[in-house]
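Dear colleague,

I am passing on the structure below, and after it you will find my notes on what the coordinates show. Please read them alongside the model.

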Amino acid sequence: DVLSRSMVSCIGRVSKMRGFCTFISRPLLFLLLHFTLVQCDITDGNAEHLKREHSLMKPYQGVGSSPSSQWDFWGSTLVTSSYVRLTPDERSRQGSIWNTVPVYLKDWEMHVQYKIHGSGKKNLHGDGIAIWYTKERLHPGSVFGSNAKFHGLALFIDTYHNDEAADRSFPYIYAIVNNGSLPYDHGNDGRNSELGGCSSEIRNKDHDTYLAIRYSKGRLTVMIDIDDKNEWKECIDIGGVRLPTGYYFGASAATGDLSDNHDIISMKMYQLMVEHTPDEDSLDWTKIEPSVSLLKSPKDNIDDPTGNFRSTPLTGWKVFLLLLCALLGIVVCGVVGAVVFQKRQERNRRFY
Ligand SMILES: [Ca+2]
């Protein structure tokens with residue numbers, strides 16, 4: 001009886017120890033998986049799947065107000081042969097450019113090449129660019145030059161920090177999904193409805209900057225490339241996003257008291273070849289209402305460290321800390337294991 005009880009307690013200790021080891025190695029595993037996924041998640045556009053009718057490229061033929069044009073524009077937008085300037089570096093300007101052809105693809109990836117530059121020094125520039133996938137098109141309004149109560153997806157490249165008390169550093173890139181009911185609060189830079197985002201020094205680069213928005217199987221992923229190294233970095237990755245087909249792509253920008261040149265160089269739309277179940281295929285995708293089924297709705301108001309973890313790329317020191325923790329865990333496991341082993345040996349010896 002004594003022996004079996006000590007066996008049970010020993011197994012208990014070993015399994016607890018194993019639990020601890022699993023607990024320690026899980027972040028490591030997650031980290032490895034995370035990197036693998038990020039590495040292979042968004043690929044560079046495959047020319048084969050480029051959808052010209054939804055793409056805006058130099059020298060911007062087919063942009064204009066003729067009935068056959070695939071893109072039209074509004075406001076301060078100026079189309080040259082090498083860029084589309086949504087606003088110049090002047091106060092109180094608003095401009096937009098919109099695809100005239102609705103998108104009926106279920107899975108897509110939009111690559112945007114852009115440049116935000118101007119004479120304003122740090123924190124004295126604004127307001128930024130919005131990339132839209134919405135029901136409405138050419139609908140001027142108060143949010144980066146477009147309609148605030150939109151239906152669909154908006155990705156904001158917000159360069160001006162309206163809410164200086166907030167802990168986010170600007171420029172800040174964030175996504176909002178709206179079914180037409182959410183207001184946009186300029187005072188806190190849309191934080192109430194933000195789904196995820198990341199800070200990024202995108203202004204006044206010598207080279208162009210890029211972002212990719214992927215929507216596939218209910219997953220919204222945003223990657224950015226600002227260092228001219230042809231490498232994507234994850235900015236946003238959230239599941240449970242429902243967006244219909246039949247909406248329009250567009251881009252808009254606005255300046256206020258502060259300004260910047262907001263340039264779009266290209267918007268390239270790629271079809272993703274993804275299989276869907278017969279059930280999914282039989283649905284009328286144009287009838288889907290834009291929504292997000294998060295466990296916790298918009299990450300604002302929540303002190304959820306995992307939310308931040310998920311939505312900002314891991315920096316070098318975080319990786320280092322995690323690896324250090326994992327290493328410490330392994331060492332502790334080893335020491336505890338050795339002690340337990342020695343105790344058992346001693347006990348066994350006592351039985352003889
Ligand atoms: Ca802002």
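How many salt bridges does the count come to, if a salt bridge is a side-chain nitrogen of Lys or Arg within 4 Å of a carboxyl oxygen of Asp or Glu? By this rule there are 12 salt bridges.

Before the details, please note that this is a predicted model, in which local features need pLDDT of at least 70 and side-chain atom pairs count only at pLDDT 80 or more, while totals for chains, interfaces and linings use all residues. Residues are numbered from 1 along each chain as its sequence is written, and side-chain values use heavy atoms, with hydrogens and water left out.

One of the salt bridges joins Arg85 and Asp263, whose closest N and O atoms are 2.8 Å apart. This pair links distant parts of the chain, with Arg85 in strand β3 (residues 84–87) and Asp263 in strand β16 (residues 261–271), 178 residues apart; strands (E, at least two residues) and helices (H or I, at least four) are DSSP runs, numbered from the N terminus. Both Arg85 and Asp263 are buried, where buried means under 20% relative accessible area, exposed over 50%, and partly exposed in between (1.4 Å probe, protein chains only).

A salt bridge is also formed by the side chains of Glu109 and Arg214 (2.8 Å, N to O). Because Glu109 belongs to strand β5 (residues 108–117) and Arg214 to strand β11 (residues 209–216), the pair ties together parts that are 105 residues apart in sequence. Glu109 counts as buried at 2% relative accessibility, and Arg214 counts as buried at 16%.

Arg203 and Asp260 likewise meet through their side chains in a salt bridge (2.7 Å, N to O). Here Arg203 lies in the loop between β10 (196–199) and β11, and Asp260 in the loop between β15 (248–254) and β16, so that this pair ties together parts 57 residues apart in sequence. Arg203 is buried, with a relative accessible area of 12%, and Asp260 counts as buried at 0%.

Strand β8 (residues 151–158) is mostly covered, 7 of its 8 residues being buried. Strand β8 pairs with strand β6 (residues 128–134) in the antiparallel sense over 7 bridges, pairing being assigned if DSSP finds at least two bridges between two strands. Trp132 has Ala154 in β8 as its bridge partner. Strand β8 is also joined by 8 bridges to strand β9 (residues 172–179), again antiparallel, and Leu155 stands opposite Ala175 in β9.

With best wishes
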